[in-house]
Amino acid sequence: MPGLLDLSSPRALRRLLPLAALAASVTLSACASSPLGRSQLTLYSDQELEKMGEASFSKYQQELPVVEGRQDAYVSCVADAVTAKVPASYGISGWQVKVFEDESANAFALPGGYIGVNTGLLEVAENQDQLATVIGHEIAHVLARHANERVSTQSLTSAGLSLTQALAGLEGTGGDQLMGLLGMGAEYGVLKPFSRSHESEADLLGLDLMAEAGFDPRASIKLWANMNAAGGAQPPVWMSTHPSDEQRMAALNERLETALPTYQQARAVGEKPNCDRLR
């Protein structure tokens, strides 16, 4: 019958196998869920995302000056305390931390265990607890596999992004877009760093993580107020992929009901980071 494939034909089977593999991947991925129970589409393995993270981090170091000395020691002190609370089940044996000379108040964490903090953030995050808020938030993106979701969705919906080519050299539009998808800032690609649901999840998970490390989760409220003041006017919430300041602070305040006891328990058992003295 015209239009139907002869499944006994080797050529037809070769045409169907890639489609079947993709369908199987999507079906299996539909069963995945974030740490907060949201369904996720994750078509790539952790190993593949780790390679993307490694390549992106290497390129970023080539584009911006790396800062050493007191600022680096301070950021590393905070980051080390937070990453020490990442469960071993995530398979990240060690985290690399770098401070970059850039006035934008930005930070990121990448699959595979890579953390970058711009010097501009240190002007907004006034103390170790506020800095831990940001670092915990960025690490939470990694733990929740948000980058995998973004790369997976883009690979299905856009023929313009060749992940294989981008990963090979991270050159050109494809490479910049991949770096944007991994969450390295709005300057890469056309998409904003993360969606509203991703940002909300990272806020809550990051709050738990910093509290476990002995950083005061109440500092998160002041940190986001500082970020708002530094950022100036913002668009209405329905025009943005990010939670509004009011929504974000309301959600954080609600989460404090569990994060604050976690922090108090952590302090009671000796989790008392002392990084501010390095500034």
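What is the volume of the second largest pocket? The second largest pocket has a volume of about 160 Å³. The model is predicted, with local features requiring pLDDT of at least 70 and side-chain atom pairs pLDDT 80 or more, while totals for chains, interfaces and linings use all residues. Residues are numbered from 1 along each chain as its sequence is written, and side-chain values use heavy atoms, without hydrogens and water.

**Pocket**
- A pocket is an open set of points on a 1 Å grid over the protein atoms alone, where a 1.4 Å probe fits, with protein on both sides within 12 Å along at least five of seven lines; lining residues have an atom within 4 Å of a point.
- The volume is the space filled by probe spheres set on the points.
- P35, P87, Y90, A140, L143, L205, D208, L209 and E212 line the second largest pocket.
- Helix α9 contributes the most to this lining, with four residues.

**Nonpolar cores**
- A nonpolar core joins buried (under 20% relative accessible area, 1.4 Å probe, protein chains only) Ala, Val, Leu, Ile, Met, Phe, Trp, Tyr and Cys residues through side-chain atoms within 4.5 Å.
- Among the 39 residues of the largest nonpolar core, V75, I115, L131, I135 and I139 touch the most other members.
- The largest contribution to this core comes from α5, with seven residues.
- A second, separate core of seven residues includes Y60, F100, F108 and Y114.

**Residue H146**
- H146 belongs to helix α6 (residues 146-157), where helices are DSSP runs (H or I) of at least four residues, numbered from the N terminus.
- H146 is buried, its relative accessible area being 0%.

Notes. Helix = DSSP H or I, 4+ residues; strand = E, 2+ residues; numbered from the N terminus. Buried < 20%, exposed > 50% of the residue type's maximum accessible area, 1.4 Å probe, protein only.
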